[in-house]
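User: Please take a close look at a single part of this model and describe its surroundings in one connected account.

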Amino acid sequence: MHSTTLADGTPIPTLGQGTWKMGERGANRKAEAATLRAGIDLGMTLIDTAEMYAEGGAEEVVAEAIDGQRDKVFLVSKAYPQNASRTRLPQACERSLKRLKTDVLDLYLLHWRGAVPLAETVEAMERLKQQGKIRSWGVSNLDVSDLEELGQGLSTCATNQVLYNLEARGVEFDLLPFCQQQLMPVMAYSPLGQAGALLRHPVLRRIAERQGATPAQVALAWTLRAPGIVAIPKASDEAHLKENWAARMMVLTPEDLTELDSAFPPPKAKQPLEMI
Ligand SMILES: NC(=O)c1ccc[n+]([C@@H]2O[C@H](COP(=O)([O-])OP(=O)(O)OC[C@H]3O[C@@H](n4cnc5c(N)ncnc54)[C@H](OP(=O)(O)O)[C@@H]3O)[C@@H](O)[C@H]2O)c1
């Protein structure tokens with residue numbers, strides 16, 4: 001399954017590109033934009049960014065990557081919670097659009113919950129949609145109780161972007177089923193566990209060897225095994241990018257999945273939503 005649909009029927013690819021940590025060093029920006037462009041050429045046309053990343057620097061890198069090909073890309077950005085109010089959200093959106101050198105975002109997310117009431121953020125998002133500044137809106141790092149608080153807004157909330165990888169499976173207990181019930185795709189962030197201990201785990205290494213793949217590909221194929229999940233790995237290295245793109249074709253066997261379940265057990269009870 002290489003694409004899914006937002007609740008409003010918009011198709012989106014299930015494997016995209018993250019941009020956190022991009023744009024932080026001027027000297028790296030050209031190379032970062034080139035990697036994102038290479039990803040778009042391969043078909044990783046969903047790009048996830050945020051005003052927070054390098055304080056707008058990542059959005060500027062994305063602008064360079066999508067120059068001349070905006071229509072090929074599904075562009076996602078996020079607003080700081082302190083900017084999610086009636087008055088500040090339109091201003092934050094305008095600044096993101098300017099940095100991204102575009103006139104519309106495909107998807108605009110509340111990055112995490114802050115002091116602004118959710119109902120006010122929903123109203124501000126809906127207004128941006130009516131004004132044609134964004135095509136859809138969604139949230140990030142919200143748990144089931146927060147989503148329930150969206151009330152009517154839940155029916156127009158396009159996605160919830162949350163931490164989801166083999167080391168962080170708590171959302172499987174209640175959040176993923178809840179979103180599936182709402183026909184709301186979930187965007188899995190840090191699907192590679194930020195290239196930390198997860199990619200060195202002996203079980204991932206063993207499965208990778210058996211499959212003729214890499215641990216990163218096993219981690220990604222696992223995240224993408226269920227419908228309605230979008231993974232957004234970040235890669236600045238073009239070899240990583242190609243590896244990640246190939247992972248969408250990988251099918252984990254029942255034996256692989258059983259081994260992964262015993263090394264990284266699924267949750268048996270409600271767990272607080274983890275976030276980075
Ligand atoms: N909503 C939120 O609160 C939130 C929070 C965190 C992240 N995010 C989004 O999710 C995206 C992904 O998460 P992330 O950046 O935290 O972590 P990640 O995608 O799990 O890991 C990124 C790290 O993995 C490395 N990597 C990529 N492909 C690899 C491969 N095939 N083999 C080995 N290493 C590989 C990257 O190295 P190189 O760069 O050197 O290739 C980078 O160091 C972010 O960039 C951001 O867009 C959202």
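Analyst: **Glu 32 and its surroundings**

Setting aside neighbours within four places in sequence, Glu 32 is in contact (heavy atoms within 4.5 Å) with Lys 21, Met 22, Gly 23 and Val 61. The model is predicted: local features need pLDDT of at least 70, side-chain atom pairs count only at pLDDT 80 or more, and totals for chains, interfaces and linings use all residues. Residues are numbered from 1 along each chain as its sequence is written, and side-chain values use heavy atoms, leaving out hydrogens and water.

Glu 32 counts as buried because its relative accessibility is 7%, the limit being under 20% relative accessible area with a 1.4 Å probe, protein chains only. Although Val 61 is 29 residues away along the chain, its C-alpha atom is 7.0 Å from that of Glu 32.

Glu 32 lies in helix H1; helices (H or I, at least four residues) and strands (E, at least two) are DSSP runs numbered from the N terminus. H1 (29-42), together with strand S3 (17-18) and helix H8 (215-223), is included in what covers the buried residues of H9. Those residues of H9 (238-246) are Leu 241, Asn 244 and Trp 245. They lie on the same side of H9 because their arc around the axis is only 100 degrees, taken from the directions from the helix axis to the C-beta atoms. At the start of H9, a side-chain oxygen of Asp 237 comes within 2.7 Å of the backbone nitrogen of Ala 239.

Technical notes:
Buried means under 20% relative accessible area, exposed over 50%, partly exposed in between (1.4 Å probe, protein chains only). A polar contact is a pair of N or O atoms within 3.5 Å; within protein, one must be able to donate a hydrogen and the other to accept it, and residues adjacent in sequence count only if both atoms are side-chain atoms.
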